[in-house]
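Colleague: I am new to this structure and would like to learn how to read it. Could we go through its features one at a time?

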Amino acid sequence: MSGTIALIFPVLDEDGAGFVGGVGYNVSATIQGLSSSRMLTVEHRLAGPSFVRDWVQSGDARFSTRLLFRNGARREAHPFEGDFDNSGEALVAAQRIALSFLEAPEVACSVVTVRDLQLVVCHPQSGLTDFWPAGDRIDIPQYARIGRHATLTFDDDSLGSLIHVIEEKELASGQMKAEVKPQAAEGEKPVTLLCARDIYDELQAFTESPPASGQEAMRSAIVTQALCAIYGHMNMLARSEDENYNEEDINSTLRSHGERLKAETGQAWDDDDFNPSLAATKMRSYTILKNSYVDDED
Amino acid sequence: MNDHLPTDNIDGDGALGNFDHQFTELEFVEPPLDPTQKYIWEAFGPAEAGGNEELYADCCFWGVVVREMVERGLVDASWLAAGASDTHDDAGRDNIENALSAEGEDAAKTMDDCVRRVLRSMCNPRPRGARIVFNDFPLGKSWWRWRWAERMAGLLNIEREDILEQALGSSNYAIIAAKMHSGRSYLSADNVFGGLILFLRGPQGMQLPGKRLGKIIDELAAQSAWQAIELRAPTENQDEFERLHRGLPDG
């Protein structure tokens with residue numbers, strides 16, 4: 001079944017409009033790592049009882065994630081193929097997708113029917129409001145997006161968009177060097193972090209979420225150190241009275257990060273009393289885990 | 001040029017490698033499929049998934065390549081001012097002289113047009129943004145045309161050369177590249193792009209005027225909102241392209 005049809009079937013989104021309270025489709029996405037072999041984790045969550053959830057459970061519908069890498073106009077489709085967790089109040093499916101590109105993708109998720117189906121509206125099982133009369137039979141074609149989530153983007157000021165991590169073989173174990181290029185072209189990452197192999201490996205597993213183990217705390221601290229170097233460079237540049245320094249010329253990702261720094265910490269790198277180490281540790285505080293040695297043994 | 005060209009830390013010598021094809025001006029402005037586009041494709045190599053492809057979508061990379069070509073004498077700097085509509089030798093030099101000597105109301109526009117042509121030929125994103133690689137810049141267009149053909153050849157088990165000649169001719173490529181970078185990028189999902197290639201190789205697609213191709217692509221865009229066309233097999237999408245073609249009014 002195909003062709004142009006008006007939207008005559010209910011679509012579940014994050015607000016659950018058209019569905020009763022408590023029914024919704026939510027998605028969260030995180031990117032792990034700062035280097036070329038990054039992983040995207042997408043969590044689909046269907047809350048409340050609904051026909052969408054029933055069809056996912058029965059295999060008549062499946063989660064699907066679309067990625068758009070805008071610079072190269074490259075799209076990828078990743079239908080979910082694993083097991084989902086239906087033990088709690090929500091049905092949850094976690095997808096892990098290896099990212100082929102350095103650019104952070106735009107993530108659009110949906111729930112898609114795998115064949116032509118007919119929905120017989122039934123209250124409250126279908127999860128629909130009375131707008132859809134009980135007993136109505138609604139034909140829904142194969143590939144229909146019966147669940148749809150707004151596109152998720154990774155902010156331009158995310159660390160992954162700011163810092164390009166590369167391995168520098170000449171550096172000894174445990175060493176790294178930050179290079180800041182404030183006037184980097186748009187789309188180019190303004191900071192390059194040259195790392196020894198061991199640091200490079202650790203940063204591949206870095207996530208922006210708060211550290212929960214000693215090893216994650218160590219990775220986070222490496223990034224704090226890098227932020228300190230960036231802030232020190234920008235502070236020096238802003239105060240250099242260089243006639244060529246023009247804030248408008250600064251790479252938009254870096255400028256955006258500076259705005260985020262100011263909003264979250266009250267520290268601006270062009271202030272006279274700006275302190276890079278304080279700003280960096282306010283932005284990404286060191287996490288001291290008192291029992292971290294226990295984590296390390298696990 | 002050296003002071004103002006964004007380089008993204010790309011080394012020109014390494015980027016250009018051993019590429020030593022001596023262009024003519026017309027060939028640089030509009031590289032023919034064979035042999036020049038083939039030289040370009042082979043020089044920069046088939047992209048590995050990921051990293052390389054991202055590099056070849058990068059304005060900085062191509063900007064560095066052009067600079068290196070000028071430095072090695074493979075192209076003349078004045079050719080950067082020549083446009084695709086120029087069909088005579090020394091067009092770039094003539095355009096620069098015209099811009100410098102223009103007077104009256106059109107002087108500013110003549111100069112602006114000339115500067116824009118130079119920026120486009122250097123793959124500088126200022127005139128049109130990053131899509132310049134795919135839409136305007138001759139070397140980038142050549143490489144991507146071959147890249148897309150190779151990608152689809154692998155997906156559809158069709159010879160790359162057949163796709164280049166039958167489905168991704170320069171006119172079709174121009175329309176598809178423009179659509180992909182103007183809100184119609186859903187087209188680039190393998191199954192959708194594959195369906196389009198199959199359609200364009202078929203009897204209906206081969207006779208298609210360019211304007212109609214653009215309309216068909218637009219029509220499919222609306223479907224993408226409610227239907228997962230990216231999960232539909234290429235042959236199913238081919239059927240859909242054919243149906244849309246039949247449904248559009250003539251003209």
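**Reading the model, feature by feature**

Modeller: In chain A, 68% of the contacts with a separation of 6 or more are between residues 24 or more positions apart. Keep in mind that this is a predicted model.

Colleague: What does the secondary structure of chain A come to, and how many of its residues count as buried?

Modeller: Chain A has seven helices and 12 strands. Of its 298 residues, 38% count as buried. The C-alpha trace of chain A spans about 75 × 50 × 35 Å along its principal axes.

Colleague: Which domains does the assignment give for chain A?

Modeller: Chain A is assigned domain 1, residues 24-148, and domain 2, residues 159-297. Taken over C-alpha atoms, the centres of domain 1 and domain 2 of chain A are 34 Å apart. Nine residues of domain 1 of chain A are in contact with 13 residues of domain 2 of chain A. On the domain 1 side, the residues that touch domain 2 of chain A are three nonpolar, six polar and no charged.

Colleague: How is a pair of packed helices described?

Modeller: By the angle between the two axes and the distance between them. In chain A, take helix α5 (residues 252-265) and helix α6 (residues 276-283): their axes come within 10 Å and cross at roughly 80°. An angle from 65 to 115 degrees counts as roughly perpendicular, and α5(A) and α6(A) are therefore roughly perpendicular to each other.

Colleague: Which residues make the contact of α5(A) with α6(A)?

Modeller: From α5(A) they are L261(A), E264(A) and T265(A), and from α6(A) they are A279(A), K282(A) and M283(A). By class, this contact has three nonpolar, one polar and two charged residues.

Colleague: Now a single helix. Why do residues three or four places apart point the same way?

Modeller: Because an α-helix has 3.6 residues a turn. In chain B, the buried residues of α6(B) are A91(B), G92(B), N95(B), I96(B) and A99(B). They cover an arc of only 135° around the axis, so they are on the same side of α6(B). L100(B) and S101(B), on the other side of α6(B), are exposed.

Colleague: What do the buried residues of α6(B) pack against?

Modeller: Their partners are α2 (25-29) and α7 (107-121) of chain B.

Colleague: Let us turn to the backbone. Where is the peptide bond cis?

Modeller: One cis bond runs from H123(A) to P124(A), with omega near 0°. P124(A) sits in the loop between β7 (117-120) and β8 (137-140) of chain A. Another joins D34(B) and P35(B), with omega about 15°. P35(B) is in helix α3 (residues 33-44) of chain B.

Colleague: Which residue other than glycine has a positive phi near 55°?

Modeller: That is N157(B). N157(B) lies in the loop between α9 (138-156) and α10 (160-166) of chain B. D90(B), also not a glycine, has a positive phi of about 70°. The place of D90(B) is the loop between α5 (59-71) and α6 (91-101) of chain B.

Methods. Residues are numbered from 1 along each chain as its sequence is written. Chains are lettered from A and ligands numbered from 1 in the order in which they are written. This is a predicted model: local features need pLDDT of at least 70, side-chain atom pairs count only at pLDDT 80 or more; totals for chains, interfaces and linings use all residues. Domain bounds come from an automatic or database domain assignment. Two residues are in contact if their C-beta atoms, placed from the backbone, lie within 7 Å. Ala, Val, Leu, Ile, Met, Phe, Trp, Tyr, Cys and Pro count as nonpolar, Asp, Glu, Lys and Arg as charged, and the others, Gly among them, as polar. Helices (H or I, at least four residues) and strands (E, at least two) are DSSP runs, numbered from the N terminus. A residue is buried if 20 or more other C-beta atoms lie within 10 Å of its own, exposed if 12 or fewer, and partly exposed in between; C-beta atoms are placed from the backbone. Axes are lines fitted to C-alpha atoms, for helices over the stretch in contact, and angles run from 0 to 180 degrees between N-to-C directions. Angles under 35 degrees count as roughly parallel, over 145 as roughly antiparallel, 65 to 115 as roughly perpendicular and the rest as oblique. The arc is that of the directions from the helix axis to the C-beta atoms.
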